[in-house]
Amino acid sequence: MLNGTEDEEKWLAEGIAGIQHKAFYMHRALDSNNLREALKYSAQMLSELRTSKLSPRKYYELYMRAFDELKRLELFFKDDSKHGVSVVDLYELVQHAGNILPRLYLLCTVGSIYIKSKEAPAKEVLKDLVEMCRGVQHPIRGLFLRSYLAQISRDKLPDIGSEYEGDADTVMDAVDFVLQNFTEMNKLWVRMQHQGPGRVREKREKERSELQDLVGKNLHVLSQIEGVDLEMYKETVLPRVLEQVFPDEYHLQTLETLLGACPQLQPTVDVKTVLSRLMDRLSNYAASSADVLPEFLQVEAFSKLSNAIGKVIEAQVDMPAVGAITLYVSLLTFTLRVHPDRLDHVDQVLGACVKKLSNIPKLEDSRAMKQVVALLSAPLEKYNDIVTALTLSNYPRVMDHLDIGTNKLMAMVIIQSIMKNNSCISTADKVEVLFELIKGLIKDTDGADVDELDEEDFKEEQNSVARLIHMLYNDEPEEMLRIICIVRKHTMVGGPKRLPFTVSSLVFSALRLLRQLQGQEGDIVGEEASMTPNKIFQLLTQIIESLSAVPSPELALRLYLQCAEAANGCDIEHVAYEFFTQAFVLYEEEIADSKAQVTAIHLMIGTLQRMNVFGVENRDTLTHKATGYSARLLKKADQCRAVYACSHLFWVNDQDGIKDGERVLLCLKRALRIANAAQQMANVARGSGGPVSLFVEILNKYIYFFEKGNKQITSSAIQGLIELINTEMQSDSTNPDSVADAFLASTLRYIQFQKQKGGVVGEKFESIKL
Amino acid sequence: MNFLLGAFKPACNILITFSDAKTRKQVPMKKENGQMVMVPLFQSQENIAGKISIEPLQGKKIEHNGVKVELLGQIEMYFDRGNFYDFTSLVRELDVPGDIYERKTYPFEFSTVEMPYETYSGVNVRLRYVLKVTVSRNYGGSIVEYQDFMVRNYSPPPSINNSIKMEVGIEDCLHIEFEYNKSKYHLKDVIIGKIYFLLVRIKIKNMDLEIRRRESTGSGANTHVETETLAKYELMDGAPVRGESIPIRLFLSPYELTPTHRNINNKFSVKYYLNLVLVDEEDRRYFKQQEITIYRLQDS
C-alpha cells in the first residue's frame, strides 16, 4: 500500500510497453495490408486496457495511447482497397474477438466507419454500439469505452442538417443515443462509489471526481445537437437527464439549456416535478458548501429559473394551482439557500405566486393550501425574523389567498416565530404590514362560521395577538405612538369577542409609552402637540371606551384605574379625576354582580389611596364616593371589609400624605358597627354567631393605625376591642373557629412582641393591657 | 504388407481423377499425418464418376488378377486403431485379370451414392469416404491407391426452432435469466441473446459464453466421452448490478464447428453445448450448460 503509486507507475509503464509492442506488429500488418494480422494485433494491443490495476488518471494515459493507435487502425479500416473487405463484413469480423473490451473498441471503431459509409442508417449502428457496450460493466473500463464511443460518434449523429440524417425522428435517435450512453456512463460512475472497502472510499471519491469530465462530455454533445428543438428537448431529454444521479454542477452549468425549453413542453410532461426536482437538487447543492455559491451567481441561476417557471406556468394553463405553487416553493427554497441576502428575489417569487393565485378563485385544494403555507413559512424559517418577511410586499398578498383556517394558522406561525426569536417590531410600517398579515386573527373574516370556532383555540389565538402587541416596541416615542395608533386601528375592528384580549395589551403598551415619555421628560423641549401625555390619555380613553361595546366593565374599570395611576404619575389631576369618574360610573352603571363589586371596590380604594395628585376637593369627592359604595355592598361582611379598607383613604403614610385620624377612626368604628350587625344577623338567622374574624381584622387595622401614630386610636380602644373579641369567642352561640382563634392568637402575639421591643414602640404598646 | 511395399518403388502409378474435377469444389482436409490436402466435396445422392489411369513404370508390365475400384465409407475409432467399420462399400470391377503394358485408363461411375453421414474428424473418431483402387496381384502383393473425398450434407432450416430461455440461480446469491434466440443454429449463424440479472449478491468478475463439443464414441461400457471447448467468448467484463441486461452476439463462423451428429451408425455422437460461465472475484465459476443443435445450411 505504501508504494502504491510506485507500483502504479510500474504497471502503467508495463501497459504502455505492451501497447507499443503490439502496436508495432499491428503497424507491420497495416503496412502489409494484412487485415487478419491487423485485427489480431490490435485486439492484443487493446487487451492492455483490460487492466484493473490503474487509477483513472493512469488509466487515462494508457487509454490515450491506445486511442492514438486506434486512429491509425481506423484509417486502415476506412480504405477497403487495402484490405478488400466490405465494411459490413468488417463490422462482423471485429466481433469475432474473444475478449469483450478489445472487441468493443474495435466495434466502435468500425462502427464509425460503417456510419460514414452510409451503408446502414446511422441510428441503427449507433443503437447497436450503445447496446453492445453494456457488456462492459466495470466502471472505469466501461466509462472509458463509452467515452470512446461518444468521442468517435460525436460527428456522426443523425442530427438535423447532418449528412447522417435519416427519415423520421432522426434527431430523436441522436438524442436517444447520447442520452443512453450518458445514462449508462452515469450508472457506472455512480457505481464506483460503492466499490471497495470503506477505507478507500475517499480515494474512490477522488477517482470519481477525476472521471466526472468523462461523463459530462455527453452533455456537451447533447447541447450541440442542433436538431433538438425545445419541445422535444424538454419532453424527452430533460426528464431523462434529470433522472440521472450526476453532479449538480452539471445541472448548474447547463441550466440555460435545460430551462430554455421548459415552457413549450406538452402539458402531459410532468415539468413541474422535473423543475422542482431540479431546484431542490440545486438548493441542496448550494447548501452543501459555500464554495459553490459563486457558481450560481455566475450563471444567474435565479433569474433563469424564475423566468422558466413563469413561462411554464403561463404556457400550461391547465396546470393545477398546486403544481404552480409547488414550483414557487421550490424556487423560493432555492433562492433562500442560494441568495439568502437577496430579499428582492424572495419577494419576486411571492409576487409571481400572487399573480398566479389571483387568476384563480379562492383556493380550495388543500394540497395547494399546504404548499402556500410552505411557501410562506420558508422565509420565516430561513431568516428567523419576521422583520425580514415584513419587508416583502407580496407576503400579505399571498396570505390573502389562503382560506380562513389556514390563514389563521399561518398568522399563528408568524406570531410564534416572533415570540420564539424574541424579535422586536420597531417601525410603524412594519407593524402595519404585520397586522395586515395576521388580520385573520384580528378580525372576523367574511363568511367565517363563528359557531364553529373552538373556544380554546380562539383564546389561544387572541392571547397570542395580545402577546404580540407587547413585541412591538420602539424607543422613539413618536414612532411608538404611531405603532400604537396602528395597532389600535387594527384591533378596534376585532369585534366584542377579541377586544378584551387586545385592549389590555394595547393599554399597557400605551402606558409604557407614557412612562417612557416621563423618563425623557427633560429632553422634550417644545415638543409638538401630538406627543403630550394628554394626547396619549385621550387615546387611552378612547381605547378603553371601546370595551363598552363588549361589554366588559370589570376590565374597563381596571384599565381606567391603571390609567388614573399613570395620570397620577404624570401629575395631571384632571385626567386622573376623569379616569376615576369613568371607573366609578362603570361601577355604578355596569357592575351589578356583588362579587365583582367587592373586587372593584377594593381596586378602586387601593388605587385611590395611592393617588397624590388630587386636590382636597377632588379627593374628598372621590373618597366620599368610595366609602359610600363600600357601605352599600350587599353582604355585611363585604361592607365591613370595604369600610375598614376605606380607612386607608384618610391615612397615607407619605411625607405629605393626608393623615386624617378622625375620619380613620370613624371608618373603623363604622366597620365595627357593621361587624356587630353581622354578628347579630347571624344569631337571628342561624342561631349561631357570625364570623369573629371580622373583629380580629378590624383589630389589626386598629393596631396598624395605632402603630402609625394615629392619635385617635388609643390603647384603651384596642384593649376594649380585644375584650370584645374574647367575649364574643367565649359566648355559647359562637361556633368554634380555629382560623379566627389562630388569627387572634397571632395578633396578640404581635402586640406582645412589640411590647418587648422596648423603645418608643415598646412604650407605646405598653399601655395596652392584655 | 502395404507398409513393406512402400519401401520399394511401386510398380505403377495409379491416378484417380474425377470427371468434374475442374468444377467441383475442393475443400481442405486434414490427413492422418496432419497435412492439409485439398479434396473434392460431395454430398449424398451425387454421382461419383471419373477415370482411373494405371501407368506401369517404364518398360515394366504388370500382371494382375483384376482391377477394381471401391467406394468406402469408414468409421475409424482411434482407441481401436486399425479397425475400420465400413458402413458403405460399393465396388466396380474395372478389368479382368491380365497384363498391363502401357498406360491404361478405366472410367468408373457410382451413381446416386447414398452417403448419409458427413466426413468427420474428431478427437477419438474419424469418419471418412474414400475411393480405393486395387490392382490385385498374385505375388508381390496388390497395388492399392486411395483417393479421399469429403462429404457434406445440407439441411433445410428447421421448421421448429424455439428460443432457449431459462431462469437459473443460487438462492439469495445470484439469479439470472438468459435467452438464446434459437435452439438450432447453422454453422455460420449468429447467436443472439441476452442475460438479465435479477439478483446479484456476488461480485462477478466476468462472464463468458463457451461453445463446447461433446464427442462420445463407443457404446455401453466402452463409451468414451471427449469434451472440447471450441469457443470462449467474453460477454461481460466487470460486475453488473441488479436489473442490468447484457447482450449476447456470438458469430459462429470463426469456429470450426461441424453439424451435430447423433448416434452415427451406433458408433459415435457429436453434440454441441452453450455454456454460460460467470466467474466471481474469488474465481469461483457458476455455469449453466444448454445443448444446441448445429446443422449445415446450404450456401445460397
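Student: Where in chain A does Ile325(A) sit, and is Ile325(A) buried or exposed?
Tutor: Happy to start there, and keep in mind that this is a predicted model. Ile325(A) belongs to helix α17, residues 321–338 of chain A. Its relative accessibility is 1%, and buried means under 20%, so Ile325(A) counts as buried.

Student: How far apart in space are Ile325(A) and Cys353(A)?
Tutor: Along the sequence, 28 residues separate Ile325(A) from Cys353(A). From C-alpha to C-alpha, the distance in space is 6.8 Å.

Student: Now for chain B: is Lys31(B) buried, partly exposed or exposed?
Tutor: Lys31(B) is found in the loop between β2 and β3 (36–42) of chain B. Ser121(B), 90 residues away in sequence, lies 9.5 Å from Lys31(B), C-alpha to C-alpha. The relative accessibility of Lys31(B) is 35%, between the 20% and 50% cut-offs, so Lys31(B) counts as partly exposed.

Student: Which element supplies the largest share of the lining of the second largest pocket?
Tutor: Good one! The second largest pocket holds about 1200 Å³ of space. Several strands of chain B each give at least two residues to its lining, including β11 (125–136) and β18 (224–237). The largest share is 4 residues, and it comes from β2(B).

Student: How many residues of that lining are charged?
Tutor: In total, 43 residues line the second largest pocket, and among those nearest its centre are Arg152(B) and Glu256(B). Domain 1 (10–149) and domain 2 (162–293) of chain B each contribute at least three residues to the lining. By class, the lining has 18 nonpolar and 9 polar residues, and the number of charged ones is 16.

Definitions and conventions
Residues numbered from 1 in each chain as written. Chains lettered and ligands numbered in written order. Predicted model: local features only at pLDDT ≥ 70, side-chain atom pairs only at ≥ 80, totals over all residues. Heavy atoms only, no water. 1 Å grid on protein atoms, 1.4 Å probe; cavity = no way out; pocket = protein on both sides within 12 Å on 5 of 7 lines; lining within 4 Å. Points joined across faces, edges and corners; volume = space filled by probe spheres on them. Nonpolar A, V, L, I, M, F, W, Y, C, P; charged D, E, K, R; others polar. Domains from an automatic or database assignment. Buried < 20%, exposed > 50% of the residue type's maximum accessible area, 1.4 Å probe, protein only.
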